[in-house]
Amino acid sequence: GYSIEMTFSDNSKQIINFEPFLLKSKLPNVNKYLDKGKFKRFSLIEGNLNWKNFELTFPLTDLYTGKI
């Protein structure tokens with residue numbers, strides 16, 4: 001699916017499911033990440049979970065508190 005297991009600096013772990021966010025979006029630049037090959041190509045840069053050079057970005061602080 002579209003879930004990523006994250007381990008945060010306090011050693012807490014969360015599995016974050018991005019599927020509802022991706023399915024709800026009507027933006028083509030977000031919907032393209034329903035392609036699992038593209039979804040899997042993310043990176044952690046300066047405290048953010050990023051896809052394709054900041055095209056889709058989630059701050060880790062938001063993910064830690066469950067905000068997508």
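Colleague: Which residues does Asn50 touch, not counting those up to four places away in sequence?

Modeller: Asn50 touches Arg41, Phe42, Ser43, Ile45, Leu56 and Thr57. "Touch" means contact here, that is, heavy atoms within 4.5 Å. Bear in mind that this is a predicted model, where local features need pLDDT of at least 70, side-chain atom pairs count only at pLDDT 80 or more, and totals for chains, interfaces and linings use all residues. Residues are numbered from 1 along each chain as its sequence is written, and side-chain values use heavy atoms, with hydrogens and water left out.

Colleague: Is Asn50 buried or exposed, and how do you know?

Modeller: Buried means under 20% relative accessible area, exposed means over 50%, and partly exposed is in between, with a 1.4 Å probe and protein chains only. Asn50 comes out at 2%, so it counts as buried.

Colleague: What does the side chain of Asn50 reach?

Modeller: The backbone oxygen of Asn48, at 3.2 Å. A polar contact is a pair of N or O atoms within 3.5 Å; within protein, one must be able to donate a hydrogen and the other to accept it, and residues adjacent in sequence count only if both atoms are side-chain atoms. At 3.2 Å, the Asn50 pair is within that limit.

Colleague: Where does Asn50 lie, and what makes that stretch a strand?

Modeller: Asn50 lies in β4, residues 48-51. Strands are DSSP runs of E with at least two residues, and helices are runs of H or I with at least four, all numbered from the N terminus.

Colleague: In what order do the strands form the sheet?

Modeller: The order is β3-β4-β5, three strands in an open antiparallel sheet. β3 (42-45) and β5 are at the edges because each has a single partner strand, which leaves one side of each without a neighbour in the sheet.

Colleague: How do you know that β3 and β4 pair?

Modeller: Two strands pair if DSSP finds at least two bridges between them. Phe42 has Trp51 in β4 as its bridge partner, and Leu44 has Leu49.

Colleague: Why are Lys52 and Asn53 called exposed?

Modeller: Lys52 has a relative accessible area of 58% and Asn53 has 69%, so both values pass the mark for exposed.

Colleague: What makes a charge sit over a ring, as with Lys36 and Tyr2?

Modeller: The rule asks for NZ of Lys or CZ of Arg within 6 Å of the ring centre and within 35 degrees of the ring normal. The charged end of Lys36 is 5.4 Å from the centre of the Tyr2 ring, and it sits over that ring.
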